[in-house]
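Please keep the structure open while reading.

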Amino acid sequence: MHIIKTKDYAQMSKKAAHLIFAQVLMKPNCVLGLATGSTPIGTYKELIQWYEQGDLDFSSVTTANLDEYKGISRENDQSYFYFMNEHLFSHINIHPANTHIPNGMEPDSDKACKDYNSLLHSIGTIDLQLLGLGHNGHIGFNEPKDSFSTRTHCVTLSNRTIEANKRFFPSIDDVPKQAYTMGIQTIMEAKKVLVIVNGEEKASIVNQAFFGPITPLVPASILQLHPDCTLIADEAALSKTNI
C-alpha cells in the first residue's frame, strides 16, 4: 500500500484529483468507480475546475458508483444519484448513459443486486476505484460482519452508519435503514484503488484498517491485500499511526 500524507483536506483533495486526472489522461475511455459522502466533494471540485480549464475530457469515461440508499428516488436530494449530478456529472461533459448507480427504487433486492452485477460485468473491470472510509471501517456500504461480502448486495445499515448519516436528513428517523452496495470482491478487482480520508475523528479507524489485522469486522482492512492501493490522508487522520 502506498500512503500519501497531506497537510489538510484541501491538499488531500488535490492529490486525489491528480491521480484521477492521470488515469483519465492515460486512458480516456477508462472506467472510474466513484464514491459519495462529504470526503470526495473537494476532489470532485478539483476535477470540475480542470475540466472547465480545458484540461480534462470525460466524454469517453464510464463511471460506476459504489452504492445507493434503498427506497429513495433519484429526485430526492439525499439520493446518491442526486449527489453525483450535483457535485460532478452536471458540471462535466460525461454522457449520462455512461454513469451508473444502483437502482434504489427497485423494491426487489435480489433483482436490484443482480441487475447491478450484470451492469458491472458489462462495463468491464474498474480502472480506478475511489473510496472513502466509514467510522466503523465500512467501504461502500459494506458494514462490519463475520465475512467479506462478494458482489452487489442489500445491506442493513449499522446504527453507527445511520448516526453518521443523520446530519444529511431532517431527523435520524428519516435516514434509510438499507442500501444497495457494490461488494468487496468487486472493489478488490479494480486495477487501482484510491482511498481518501481526513479528520481526527477517523484516526482510530485508519489505524485499525490499514495497520491492524485483516478482518471482516473492519471491512477496509482487506485493502491491505490489494496490489495497487493508495491511501491519501491528512495529518489528523494519520495522527494515531507512525506515518
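## The parallel sheet

Ile196 stands opposite Ile232 in strand E10. The model is a predicted one. Strand E9, residues 192-197, is joined to strand E10, residues 229-234, by 5 bridges, and the two strands run parallel.

E9 and E10 belong to an open sheet of 7 strands, in which the pairing is parallel. The order across this sheet is E1-E10-E9-E6-E2-E3-E5. Its edges are formed by strand E1 (2-6) and strand E5 (99-100), each of which pairs on one side only. In general, the strands of a sheet pair through backbone hydrogen bonds, either parallel or antiparallel.

## The antiparallel sheet

An open sheet of 3 strands has the order E4-E8-E7, with antiparallel pairing. Strand E4 (67-69) and strand E7 (153-156) are the edge strands and pair on one side only. On average, neighbouring strands of this sheet are turned by 25 degrees against each other, direction ignored.

E7 and strand E8, residues 178-181, run antiparallel and are joined by 4 bridges. Thr156 has Gln178 in E8 as its bridge partner.

## Helices

Helix H4, residues 109-123, lies across strand E2 (31-34), strand E3 (62-65) and E5. Relative to E3, H4 runs at about 150 degrees.

Helix H1 (residues 9-26) packs against helix H2 (residues 41-52) at an angle of about 55 degrees, and their axes are 8 Å apart. H1 and H2 are therefore oblique to each other. Their crossing is right-handed. On the H1 side, the residues that meet H2 include Tyr9, His18, Ile20 and Phe21. On the H2 side, those that meet H1 include Ile41, Glu46, Leu47 and Trp50.

## Cysteines

How many disulfides does the structure hold? The number is 0. For Cys30, which is in no disulfide, the nearest cysteine sulfur is that of Cys229, 18 Å away. Cys30 counts as buried because its relative accessibility is 0%.

A disulfide is a covalent bond between the sulfur atoms of two cysteines. Cys154 has 25% relative accessibility and so counts as partly exposed.

Notes
Residues numbered from 1 in each chain as written. Predicted model: local features only at pLDDT ≥ 70, side-chain atom pairs only at ≥ 80, totals over all residues. Heavy atoms only, no water. Disulfide = S-S within 2.5 Å. Buried < 20%, exposed > 50% of the residue type's maximum accessible area, 1.4 Å probe, protein only. Pairing = 2+ DSSP bridges. Axes fitted to C-alpha atoms, helices over the stretch in contact; angles between N-to-C directions. Contact = heavy atoms within 4.5 Å. Parallel < 35°, antiparallel > 145°, perpendicular 65-115°, else oblique. Left-handed = near helix turned anticlockwise from the far one by under 90°.
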